[in-house]
Structures are given as C-alpha cells and as structure tokens.
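I opened this notebook to record what I looked up in the structure. The entries go from the single chain to the pairing of the chains, and then to one helix.

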2 protein chains.
Amino acid sequence: MTEQPRTRRPGGRSARVAADVHQAVTSLISERGYGNFTVGDIAARAGVADSSIYRRWGSLETLLADVALTRLNAQSPMPDTGSLAGDLRSYAAQVAREITGPDGLALLHLVVALSGTGDQGLQARDEVLAERGRQLQSMLDRAVARGEPAPDALAVLDHVMAPMYIRVLFGLGSLTPEYVDGLVDRLLRPGPEA
Amino acid sequence: MTEQPRTRRPGGRSARVAADVHQAVTSLISERGYGNFTVGDIAARAGVADSSIYRRWGSLETLLADVALTRLNAQSPMPDTGSLAGDLRSYAAQVAREITGPDGLALLHLVVALSGTGDQGLQARDEVLAERGRQLQSMLDRAVARGEPAPDALAVLDHVMAPMYIRVLFGLGSLTPEYVDGLVDRLLRPGPEA
C-alpha cells in the first residue's frame with residue numbers, strides 16, 4: 001500500500017480510510033468491549049492493512065484516543081446562549097444525549113479503559129479530558145467576562161458530568177431533561193457563604 | 001509463574017482456595033486490566049484447576065462480581081456516629097481510601113467493566129450496586145428515624161460517590177479529606193426551597 005501520510009485532503013482517500021477505521025473501532029467497542037480486539041481486527045473490519053493503522057496512529061491506544069476525541073468534539077460544540085445557566089443546561093443536555101446514544105456507553109468505557117493501559121493510554125486519555133476541559137473553561141470564562149458568578153470547571157465535572165457518567169456506567173435510571181436541568185440548577189444555586 | 005508464598009488462613013481448604021482465587025483475580029486485574037485474562041489464567045495463578053473455578057462460581061463474570069462484592073463489603077462497614085453528617089463524612093472517607101488504595105482503581109474498573117459483558121455481567125454488577133445501596137439506605141433510614149432531614153440514596157451517589165469515582169477513574173487530582181468533607185457538606189447544605 002503506497003500512501004502519502006503527510007498530504008491529507010478532506011474527502012480524499014486518506015479521510016475515507018480514517019472514517020472507515022473510526023467506524024470499525026466504534027463497532028468493535030460496542031460489540032466486544034475494550035480490550036477484546038486488536039489492531040488486526042480493526043484493520044480487517046475497515047478493509048485496510050495493519051501497517052496503515054500503525055503508520056498513521058502508531059499504537060492502538062493512540063487510535064482509540066483519536067476516536068474518542070473526534071466523537072466528543074464533533075458531537076459537543078459548546079453552546080453560547082448568553083447566560084451561564086443556559087449554556088450549562090444546553091451543554092449538559094448534549095452530554096446526556098451523547099452518552100445515552102447508541103455508542104455512548106462504549107465511548108465512556110473507552111475513556112475509562114484508557115486509564116488502565118499504561119503510559120500511552122494515560123496520555124491519550126489526558127488529551128481527551130484536556131480538550132473537554134478547554135471547551136468547558138471557555139464557556140465559564142465567557143460567563144465571568146459577562147460578570148456572572150461561575151463555578152470552576154472541576155465543580156462542573158463533579159456535580160453535573162460525574163453524576164451522569166456514573167449513572168450511565170452503572171446503568172442506574174435514565175437521564176431525563178428534568179434530572180439534567182436539576183443538576184445544573186443545584187450547581188448554580190448560591191451557597192450560604194456566598 | 002511465580003508462586004506466592006501461602007499464608008495460613010482460617011476456614012479450611014475451601015476458604016483458602018477462595019482466598020487464593022480472589023487474590024489471583026485482584027492481581028490480574030491490576031496487572032492486565034479487565035478483559036485481558038481468562039479463567040485459565042486465574043486458575044494457574046491461584047494454583048487450582050479450571051474446573052474448580054467453574055464448579056464453584058459458574059462463570060468468569062460471577063467470580064469477578066464475587067471479588068468486587070467481597071472487597072466492597074469487607075472494606076466498607078457502614079459507620080454509625082449518631083449524626084448523618086458524621087456518618088456520611090466517615091462513609092465518604094472510607095470510600096475515598098478504598099478507591100485510592102492499591103487495588104482501588106482495579107476494583108472500580110471491574111464494576112464498570114461488568115456493565116459491558118452481557119446478562120451475567122449486568123446481573124453481577126447489579127448485585128454489587130444493590131448491596132452498596134442497601135448499606136447506604138440503612139444509614140439514611142437511621143437519620144430519618146432520628147428526625148434528621150436526609151437526602152435520598154441516589155443524591156448521595158450523584159454528589160458524593162460519583163465525583164470521587166470519576167476523579168479516580170479519570171486520574172484527576174487526589175481525594176483530600178477537605179475535598180471529601182466538602183462533597184458531604186455541600187450535599188447536606190439546605191436548599192433555598194427547603
């Protein structure tokens with residue numbers, strides 16, 4: 001196979017290969033779960049050579065992180081509604097849709113599993129989380145610039161994202177709009193100490 | 001394979017086998033991660049026959065759930081301090097110690113991974129969670145019986161357990177006593193609507 005890895009054009013062969021490989025990864029995670037397939041399995045499913053995958057991504061962990069990052073970014077553009085409450089409600093609703101969608105649990109499992117795969121997995125996971133954190137921080141920065149009181153990004157993780165993630169990971173109940181809005185409202189509720 | 005030196009345990013041969021098998025599972029999860037070992041690997045590590053494991057536990061998933069349940073129960077007796085704030089602070093501190101301990105991440109990965117393994121895994125996971133839920137509910141019931149206002153068990157999961165679980169699963173910061181106490185205090189803070 002003679003590819004030119006440094007000349008990627010959107011819509012060209014390289015982009016199609018990437019899309020096929022991403023789709024193969026998502027399917028394999030859904031069907032078998034993380035840890036139960038190899039680069040060879042992905043290559044066979046996507047109809048490419050193993051060497052193409054190694055040349056482009058370097059390792060299974062890097063490929064998995066790329067899949068997770070691409071999906072998180074494509075599916076979660078950050079809302080800009082003019083108020084922090086509106087932004088957070090909209091963002092939380094997006095995350096809820098994403099993690100309760102057809103591949104949502106597989107995506108969450110992937111991010112969790114990357115923690116258990118040594119340095120490459122940890123680095124890959126950290127890139128996924130850092131990107132999510134940057135998106136969230138820009139939303140909070142806009143609120144502060146408007147003069148709104150805003151929690152820090154870790155408080156959003158703790159009290160809006162974490163409950164949704166854990167409920168989906170543990171299979172506990174559904175993420176209704178009322179539940180999701182309630183998480184945001186509770187976070188933004190002023191405390192006794194101001 | 002390196003044989004671990006055996007220490008004598010009370011309860012006869014059957015209990016020793018169970019303890020050795022549990023230890024083998026915990027080690028394998030820590031070393032390889034869930035999904036990357038078989039019943040045969042566990043048997044070899046524990047020095048027992050595969051058939052002994054299948055006869056006693058029936059399946060890998062059931063064995064894994066048994067390990068998780070035993071560890072959660074042995075390590076988390078529910079506190080009874082006389083106040084809900086005291087009980088929840090003590091409980092949260094126990095959970096924080098457990099999930100940040102040497103096998104804590106492996107244990108969390110195990111509970112998460114059981115969700116992705118089909119019916120047996122789901123049932124096993126649900127048993128683990130139901131036992132945890134019963135322990136927690138009994139603590140909340142005692143508070144209500146004393147006349148204290150108490151959140152429901154899911155609110156404790158959402159705002160005390162979930163943030164700790166996700167921070168450990170995602171490798172974000174450490175669970176300091178101040179952080180853990182703060183999660184409990186925030187949960188018990190009276191809301192504006194009473």
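**Entry 1: the fold of one chain**

I read the elements of chain A from the N terminus on, and they run α-α-α-α-α-α-α-α-α. The model I am reading is a predicted one. My tally for chain A is 9 helices and 0 strands.

I then looked up burial and found that 48% of the 194 residues of chain A count as buried. Turning to contacts in chain A with a separation of 6 or more, I noted that 63% of them join residues 24 or more positions apart.

**Entry 2: how the copies are related**

I superposed chain A on chain B; this takes a rotation of 180° with 0.0 Å of shift along its axis, and the RMSD is 0.1 Å. The two copies are thus related as by a two-fold rotation axis.

Which surface does each copy use? I found that 100% of the interface residues of chain A are also interface residues in chain B, so the copies meet through the same surface.

**Entry 3: the interface**

I recorded 31 residues of chain A in contact with 31 residues of chain B. Between the two chains an area of about 3,000 Å² is buried, and carbon and sulfur atoms give 63% of it. In chain A, the residues that lose the most area to chain B are His159(A), Phe170(A) and Arg189(A), which together make up 23% of what that side buries.

I also searched for charged pairs, and the rule finds 2 salt bridges across the interface of chain A and chain B. I noted a salt bridge between the side chains of Arg167(A) and Asp158(B), at 2.9 Å from N to O.

**Entry 4: helix α9 of chain B**

I checked the length of helix α9 (residues 177-188) of chain B. At 1.5 Å a residue its 12 residues should span 16 Å, and the end C-alpha atoms are 17 Å apart, which agrees.

Which residues of α9(B) are buried? I listed Tyr179(B), Val180(B), Leu183(B), Val184(B) and Leu187(B). They cover an arc of only 140° around the axis, which puts them on the same side of α9(B).

Finally, I looked up what the buried residues of α9(B) pack against. In chain A, the partners are α8 (153-169) and α9 (177-188); in chain B, they are α5 (84-100) and α8 (153-169).

Notes:
Residues numbered from 1 in each chain as written. Chains lettered and ligands numbered in written order. Predicted model: local features only at pLDDT ≥ 70, side-chain atom pairs only at ≥ 80, totals over all residues. Heavy atoms only, no water. Least-squares fit on C-alpha atoms with pLDDT ≥ 70 in both. Contact = heavy atoms within 4.5 Å. Helix = DSSP H or I, 4+ residues; strand = E, 2+ residues; numbered from the N terminus. Expected span 1.5 Å × (residues − 1). Buried < 20%, exposed > 50% of the residue type's maximum accessible area, 1.4 Å probe, protein only. Arc of directions from axis to C-beta. Buried area = accessible area lost by both parts, 1.4 Å probe. Salt bridge = Lys/Arg side-chain N within 4 Å of Asp/Glu carboxyl O.
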